[in-house]
Amino acid sequence: MTSDVLLDLRKFLAPEAVFGVGAGRLAGRYARNLGARKVLLVTDPGVAIQPWFPDIVASLAESGVEHVLYSDVRPNPRDSEVMHGAEVYRSAGCDCVVAVGGGSPMDCAKGISIVSANERHVLAFEGVDNVPKPGPPLICVPTTAGSSADVSQFAIITDTTRKVKIAIVSKAVVPDAALIDPALTVTMDRELTANTGVDALTHAVEAYVSNAHGPITDLFALEAVRRISRHLPAAIETPEDLNARGGMMLGSMYAGLAFSNAILGAVHAMAHSLGGLLDLPHGQCNAILLDHVIDYNFTAAPERYTDIGVALGACIPPGADVEEKRRLVLAQVCALKAAVGATATLGSLGVTTADLERLSEFAMNDPCMVTNPKAPTALDIRAVFEHAL
Ligand SMILES: [Fe+2]
């Protein structure tokens, strides 16, 4: 018997999510309903000065919930920032964590939550299903349309001793609630919008071609590609366009649901390596690497990459051979990158050939490499890095 449905076992996990303008102001109500009395509010210095931030803080007070602010979080959040946050949580007597920000504050908040419940160093949770006890209630309010940490079962933390990013993959880091408010993203500048947007696109692309994809993640991944390609240029050109911002936020959420369950691939393995070793911005690394990795992977999943090309708007003739498809898909991805101003190279960020051996070695050890559709050698990865210099 043949089947057009993938029948391999697949699990799909998603948190409770509220999507729409005003979702951020529900933080207080959600915290109270989860039994919170005192919240650790995790954010970063850039988010804490946004004009809408006081409204989110006020929603806590209006619901009778106290809060302690923790904003000592930088991009590529470090193990030390998580441990410091957990100490603040403990000493202030908090019983709930609310994260407001992009991927860095949300991943840091996830770390603080599980460290607080288990009283272990955050690095002890590295890997899959290594968190014995669930953390206290965790509410995430994303402020970029990119990381989707608010819907994912991933937390990525920098091990400052080894200079690598570790992945914590566990149901315990799926938030209790994701409050997804497109209005919070209108204050992002062009560069952040572009880099986080291409990060979201990369989540969708890598989830769709992942070895662990399934029928549910496919649905979210392809729709994410469509929405991101339609709305990202407009979100950059007209930052206050709520329709474009909403389209991006929805596309990012779909991409998050896809990659949280189908995992990622070589682009993220390599971006994690760049972030851990050289502290480079995650979204920008993905944007630089995306087309180079598609070029490398293409023959391992030509039909899947063709679906992505079509979802991006490419016209691919029915009789096109694999080489023709590869050319058209790559042209479409590069056109989108050019349209959003993602023109940097690894060389322009200061990466040199002297870095490539360690970068390749670390990327090969990253858990995201396991689900890449093609199994590379370290030399293959080095060559991809070299093309992106
Ligand atoms: Fe990412």
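Predicted model: local features only at pLDDT ≥ 70, side-chain atom pairs only at ≥ 80, totals over all residues.
Colleague: How are the axes of α6 and α7 oriented to each other, roughly parallel or roughly antiparallel?
Modeller: Helix α6 spans residues 190-209 and helix α7 residues 215-237; their axes come within 8 Å and cross at roughly 160°. Axes are lines fitted to C-alpha atoms, for helices over the stretch in contact, and angles run from 0 to 180 degrees between N-to-C directions. Angles under 35 degrees count as roughly parallel, over 145 as roughly antiparallel, 65 to 115 as roughly perpendicular and the rest as oblique. The α6 and α7 pair is therefore roughly antiparallel.

Colleague: How many residues of the contact of α6 with α7 are nonpolar?
Modeller: The contact includes Ala 200, Leu 201 and Ala 204 of α6 and Leu 222, Val 225 and Ile 228 of α7, where residues are in contact if their C-beta atoms, placed from the backbone, lie within 7 Å. Ala, Val, Leu, Ile, Met, Phe, Trp, Tyr, Cys and Pro count as nonpolar, Asp, Glu, Lys and Arg as charged, and the others, Gly among them, as polar. Three residues of this contact are polar and two charged, and the nonpolar ones number 15.

Colleague: Which residues of α11 make the contact with α6?
Modeller: The axes of α6 and α11 (residues 302-311) come within 9 Å and cross at roughly 150°, so the two helices are roughly antiparallel. From α6, the contact draws on Val 205, Tyr 208 and Val 209; from α11, on Arg 304, Tyr 305 and Ile 308.

Colleague: At which residue does α10 bend?
Modeller: Of the 16 residues of α10, 15 are buried, so this helix is largely enclosed by the rest of the structure. A residue is buried if 20 or more other C-beta atoms lie within 10 Å of its own, exposed if 12 or fewer, and partly exposed in between. A bend is the angle between axes fitted to the seven residues ending at a residue and the seven starting there. In α10 (residues 282-297) the bend is about 40°, at Leu 289.

Colleague: Which word describes the orientation of α10 to α14?
Modeller: The axes of α10 and α14 (residues 378-387) come within 9 Å and cross at roughly 140°. That angle makes α10, relative to α14, oblique.

Colleague: Is Ser 148 buried or exposed?
Modeller: Ser 148 is found in the loop between β6 (138-142) and β7 (154-159). Its phi is near 60°, a positive value in a residue other than glycine. With 32 C-beta neighbours inside 10 Å, Ser 148 counts as buried.

Colleague: How many other C-beta atoms lie within 10 Å of Lys 163?
Modeller: Lys 163 is found in the loop between β7 and β8 (164-169), and its phi is near 60°, also positive. Lys 163 is partly exposed because the number of other C-beta atoms within 10 Å is 15.

Colleague: What separates the C-alpha atoms of Leu 69 and Val 98?
Modeller: Leu 69 is found in strand β3 (residues 66-70) and counts as partly exposed, with 13 C-beta neighbours inside 10 Å. Leu 69 and Val 98 are 29 residues apart along the chain, and their C-alpha atoms are separated by 9.8 Å.

Note on methods
Residues numbered from 1 in each chain as written. Helix = DSSP H or I, 4+ residues; strand = E, 2+ residues; numbered from the N terminus. Contact = placed C-beta atoms within 7 Å.
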